[in-house]
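Take a walk through this model, one site at a time.

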Amino acid sequence: MQSLPQLVAFDEETTFFADLIIPVPIPKLFTYRVPRDMVERLKVGARVIVPFGKNRVYTAVVGRIHHQPPNTYQAKYILELLDEYPLVTGYQLELFSWMAEYYLCNIGDVLNVALPSGLKITSQSKVQYNPDFDYPELLTDDEVRLLDELKKHSALSYEELGRLVGETNVPTTIKSLVGKRAVIVFDEVREKYVPKMVRKVRLTAHYENREQILALINGLEKLPKQQEVIMKYLSYIPVLNNPALNRKGLDKTILNQDDELSQSSLQTLIKNQIFETFEVIVPRFGDEDMQSVEVKLTEIQQRACNQVLSAFTEKDIVLLHGITGSGKTEVYINLIQNALESGSQVLYLLPEIALTTQIVVRLRKVFGDKMGIYHSKFSDNERVEVWKGIVDGQYQFVVGVRSAVFLPFDNLGLIIVDEEHETSYKQHDPAPRYHARDVAMMIAHWQKAKVLLGSATPSIESYYHAQQGRYGFVELLERYGDAMLPDIVLVNTRLEKQQRKMKNEFSSVLLDQLQQNLERGEQSILFQNRRGYSPYLQCEDCEWTGRCPNCDVSLTYHMRDAELRCHYCGHKDPVPKSCPACGSYKVRTIGFGTEKLEDQLQIVFPEARIQRMDLDTTRAKNAYQQIISEFEGGNVDILVGTQMISKGLDFGNVSLVGIFDSDRMIHYPEFRAIERAFQMITQVSGRAGRRADRRGKVLIQTSNPQQAVLQKILENDYKGLFEEEIVERENYNYPPFSRLIKLTVRHAEQRVSQQAAERLVAQLTEKLGEARVLGPEVPLVERIRNQYLYTVLIKLERSISPKAAKVFILEKINELLSDKGLKAVTVVADVDCL
């Protein structure tokens with residue numbers, strides 16, 4: 001990686017400029033003038049506050065410092081420097097630039113996603129009295145009252161003014177005062193990140209002496225409550241034995257736990273200067289002392305670990321193909337320890353927040369509070385603390401989801417991408433539409449780190465590269481502790497329906513097995529990759545179906561909230577009491593989701609403890625952790641969930657897994673459907689029977705048990721699936737034999753969208769040829785958020801330079817959008833689309 005220029009030599013006569021990355025969708029860095037008092041302190045990678053556009057300020061990052069003013073505009077001044085030392089590394093700046101180029105987006109888009117919100121400033125409108133105002137006779141009573149409050153303060157927000165004057169129409173009053181030039185409204189810029197402060201209390205320095213403490217205790221004999229506070233403090237902080245401990249103090253809340261009289265006594269002791277209070281910054285993550293646990297590898301795991309290390313001597317990327325329950329995590333832990341002992345940093349990527357919940361507990365027992373955790377359910381402040389903790393050297397090892405690739409590592413030795421096949425690693429909106437696995441490989445290339453890809457069901461592309469010798473390859477094909485793979489049974493739902501054995505969505509076989517599991521006190525998991533109660537409502541008489549007014553999809557019925565909901569734009573409608581079209585009361589649910597399964601189970605097994613785990617039940621910050629803890633602790637008998645329950649979770653008491661709607665997964669109209677169905681079903685099946693003393697059972701409900709992919713699942717034959725799929729991919733020129741770029745053209749009018757898409761295809765075909773440019777096609781969902789969509793798929797052979805092709809594609813997109821008649825058209829580029 002090229003080294004980025006730091007501050008050039010300082011000269012009082014020289015004017016300095018800085019090229020900044022601003023988190024807005026513009027294609028270039030924007031140049032600003034550096035104030036003279038900032039020149040010696042400004043560094044590449046530091047955050048600054050700058051004006052951009054009309055009355056807007058942004059947090060930008062310094063990309064380059066130089067002497068050349070811009071040719072086409074007058075450079076504005078940087079307003080404020082936020083960092084004395086850079087919070088963005090040179091490697092990150094290189095990454096932002098590469099991602100913008102590779103994923104056909106703007107570098108500002110990358111920065112906007114990369115920086116946690118807590119590292120961006122916010123602006124809040126404030127109001128202050130105008131000292132030059134001299135026409136009080138123009139004011140109404142409300143305005144006089146508001147001005148009187150402003151005169152008492154330097155500046156107040158709209159909300160603060162509303163509380164003080166007790167009015168709800170404060171904005172209207174302020175608008176009137178602005179017109180009369182009685183007040184000044186301005187934006188106060190402030191950083192979002194606020195460190196966590198704890199108020200502590202300690203004895204003043206005078207009482208660190210043994211004699212003084214004893215004299216104090218004796219002197220308080222007639223004040224027993226105050227004496228009690230002193231004795232309680234000494235029970236936590238033994239100042240008599242070690243006076244230095246007093247300087248650390250004690251959390252004030254510990255002494256405030258008792259009744260009001262004790263709190264009053266503490267305040268009196270503070271007032272009399274016996275105690276003093278002070279604040280300290282503390283981390284938001286638990287720093288409790290955890291007893292270190294040593295991980296012992298089995299002979300098979302140790303052999304796999306040695307093979308990975310051996311492969312790393314020849315290859316920078318290694319694929320670990322380990323079946324479900326084989327103990328890949330233990331191998332990861334051993335490799336992480338080796339990397340940390342060598343002084344390197346480690347990044348461990350997981351596809352789902354749900355996975356981090358369980359695996360973090362295991363890793364904490366090994367690595368303690370030296371490990372950072374990074375994902376979107378954390379607050380802005382928590383994510384900033386991990387970011388700063390890496391810069392400060394506090395965290396050498398971080399576990400995170402896809403956004404963790406943006407963290408400011410500068411000495412990575414190992415990146416682990418667990419469940420590397422998972423689609424969750426791909427970001428779809430907003431730009432950059434990146435794949436965390438591929439980005440991790442680029443980061444590792446720049447920092448000379450190694451990458452370990454792990455999966456029980458690798459992506460076809462990764463397995464192909466391993467077979468071709470581009471990646472190292474290691475297999476782990478035995479379950480940990482002699483546990484057996486589950487017994488997989490295909491249940492013919494067509495036959496069950498003919499024999500009238502089906503009960504709602506449940507086959508008789510599945511209901512019998514669930515009953516037996518409940519009687520044995522064992523747990524079950526039911527998998528349905530569709531949330532909500534049912535996909536849609538339909539009238540039996542006129543066949544009316546509830547549809548979204550903004551998108552070309554039916555509204556999903558959510559019984560718990562009594563509403564119809566669009567999963568694309570969020571539109572909600574109340575559930576109609578009768579058919580809106582014909583007035584019939586015969587409106588019924590069609591299909592089923594996790595909510596309906598949960599409801600039906602509660603009717604069939606009223607004594608069972610049933611829990612649901614999907615997007616609707618895990619919106620709260622700690623919802624994942626709570627559900628998993630309850631299930632792990634044996635407080636739930638049956639867990640119903642979507643794909644978030646299929647990945648890497650380890651529950652020892654689960655002996656039964658039921659899988660619904662397998663046919664829909666297999667027949668989805670997409671070239672990866674067979675691969676995805678195999679991966680999903682195999683992964684969720686792997687949650688069963690992870691103990692050596694009993695074999696788990698998996699029931700797959702299907703209307704056609706003879707389907708080839710189901711036979712491969714029965715035999716756990718990933719290699720056979722790969723060999724069939726790779727032939728298909730080569731015949732039709734799909735990845736890994738080509739690169740795919742999907743362009744989605746959007747406009748509020750269908751005619752305009754179609755016209756733009758056809759014109760774009762014609763321009764691209766001139767140079768790329770008809771075989772490489774497919775479309776335009778109407779996608780499965782034709783309209784989203786009142787925008788009509790057309791897709792264009794570009795297939796590029798591996799022999800073609802992707803960089804040159806992307807430059808050409810971007811050029812044609814810009815040509816299209818420069819047409820005045822098509823300015824409202826949007827073209828979204830998705831590189832390496834899934």
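Arg33 is found in strand E2, which spans residues 30–33. Helices (H or I, at least four residues) and strands (E, at least two) are DSSP runs, numbered from the N terminus. The model is predicted: local features need pLDDT of at least 70, side-chain atom pairs count only at pLDDT 80 or more, and totals for chains, interfaces and linings use all residues. Residues are numbered from 1 along each chain as its sequence is written, and side-chain values use heavy atoms, with hydrogens and water left out.

Is Arg33 buried, exposed or partly exposed? Arg33 counts as partly exposed because its relative accessibility is 27%. Buried means under 20% relative accessible area, exposed over 50%, and partly exposed in between (1.4 Å probe, protein chains only).

Now look at the surroundings of Arg33. Leaving aside residues up to four places away in sequence, Arg33 touches Thr15, Phe16, Phe17, Ala75, Lys76, Tyr77 and Ile78. Contact here means heavy atoms within 4.5 Å. With Tyr77 there is also a side-chain polar contact of 3.3 Å. Such a contact is a pair of N or O atoms within 3.5 Å; within protein, one must be able to donate a hydrogen and the other to accept it, and residues adjacent in sequence count only if both atoms are side-chain atoms. Ala18 lies 15 residues from Arg33 along the chain, and their C-alpha atoms are separated by 6.4 Å.

Next, strand E14 (residues 371–374), which holds Ile373. Ile373 counts as buried because its relative accessibility is 7%. Pro576 is 203 residues from Ile373 in sequence, and 45 Å from it in space, C-alpha to C-alpha.

Move on to strand E30, residues 738–747. Of its 10 residues, 8 are buried. E30 pairs with strand E33 (residues 787–797) in the antiparallel sense, over 10 bridges. Two strands pair if DSSP finds at least two bridges between them. Ser738 has Glu797 as its bridge partner in E33. E30 also pairs with strand E34 (residues 826–831), again antiparallel, over 6 bridges. There, Ile741 stands opposite Val831.

What packs against the buried residues of helix H24? E30, strand E31 (773–777), E33, helix H25 (802–817) and E34 do. Those buried residues include Val752, Ala756, Leu760 and Leu764. H24 itself (residues 750–768) has 19 residues and reaches 26 Å from first C-alpha to last, close to the expected 27 Å. That expected span is 1.5 Å times one less than the number of residues. Gly769 follows H24, with a positive phi near 90 degrees.
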